[in-house]
Amino acid sequence: LVLENKEISWVGSTTYVAESEKNSKLGSGFRVTFEQIQDYKVNLSSTKTNTIEGSEGGTSAVTFNLSLDSVALSELEIKWETVLEGKNSAQASDFLNDIVPGGVVKIEKGNKDINFVVEIKEDLIKEIDEDFKIKLTNNSNQNLDFENNLFTHTISNDDFSKLTGTVNYWKNNTPLKDIKI
């Protein structure tokens, strides 16, 4: 609804209630709600596209950000899930508690963005660099257009086999350095 003479535009929802009078033959009133549906562009990003796995036995946090192109007129729910597919895909064991992360975030009315965190487990396993993707799904009644959906993040392996020490050559229980030729 747009008002005339440069008045502000209506946003949000409005409920009209008509109640019947006492002893009315109608019995009860009625309620009508008008709600505006807004279109949003949702951008998925992270300050990092690559995380060094680590080997201390803890976790490394990767923060992802969802941002709207305009302020939310009502609460928005967006489901996010971690997608593990492809030749170099991460496994559930690469994440906290060996569980593939996912969840639902809510952008409150009046806000434009929200963050969520994926915890990558540190280990001592020599492996290839692995990828995972974040996929977004609309869980609200608003129209959401996702940009950068299936955002790819790489877990870079930092565990390498390393052999150190001294090599001694022996012959007949005598070190070769002590044998006279």
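1. Which residues form a negative surface patch? The patch is made by D39, D69, D145 and E147, and of these D39 is found in strand β3, which covers residues 39-46. A patch here consists of residues with over 30% relative accessible area and no salt bridge, like charges being joined within 9 Å and nonpolar side chains (Val, Leu, Ile, Met, Phe, Trp, Tyr) within 5 Å. Asp and Glu count as negative and Lys and Arg as positive, while His and the chain ends are not counted; the place of a charge is taken as CG of Asp, CD of Glu, NZ of Lys or CZ of Arg.

2. Before reading further, please keep in mind that this is a predicted model, in which local features need pLDDT of at least 70 and side-chain atom pairs count only at pLDDT 80 or more, whereas totals for chains, interfaces and linings use all residues. Residues are numbered from 1 along each chain as its sequence is written, and side-chain values use heavy atoms, with hydrogens and water left out.

3. The secondary structure comes to zero helices and 13 strands, where helices (H or I, at least four residues) and strands (E, at least two) are DSSP runs numbered from the N terminus. Of the 181 residues in the protein, 27% are buried; buried means under 20% relative accessible area, exposed means over 50%, and partly exposed lies in between, with a 1.4 Å probe and protein chains only. The accessible areas come from the Shrake-Rupley method.

4. The largest nonpolar core has 25 residues, and those with the most contacts inside it are F64, I78, F116, F132, I134 and L136. At least two residues of this core are supplied by each of β3, β5 (59-68), β6, β7, β8 (113-121), β9 (130-138), β10 (143-147) and β11 (151-156), and the largest share, four residues, comes from β5. Such a core is a set of buried Ala, Val, Leu, Ile, Met, Phe, Trp, Tyr and Cys residues joined through side-chain atoms within 4.5 Å.

5. The structure holds three salt bridges, each term meaning a side-chain nitrogen of Lys or Arg within 4 Å of a carboxyl oxygen of Asp or Glu. Side chains of opposite charge can pair when their charged atoms come close. In one of the bridges, K106 meets E77 at 3.5 Å, N to O, and this pair links distant parts of the chain, since K106 is in strand β7 and E77 in strand β6, 29 residues apart. K106 counts as partly exposed at 39% relative accessibility, as does E77 at 23%.

6. K133 forms a salt bridge with E85, and their closest N and O atoms are 3.8 Å apart. This pair, too, links distant parts of the chain, with K133 in strand β9 and E85 in the loop between β6 and β7, 48 residues apart. K133 is partly exposed, at 24% relative accessibility.

7. K121 and D98 meet through their side chains in a salt bridge of 2.3 Å, N to O, with K121 in strand β8 and D98 in the loop between β6 and β7, 23 residues apart. K121 is partly exposed at 24%, and D98 is partly exposed at 43%.

8. N97 lies in the loop between β6 (76-83) and β7 (102-107), and its phi is near 60°, a positive value in a residue other than glycine. N97 is exposed, with a relative accessible area of 59%.

Terms used: Areas by Shrake-Rupley, 256 points an atom, 1.4 Å probe, with all protein chains shown as cover.
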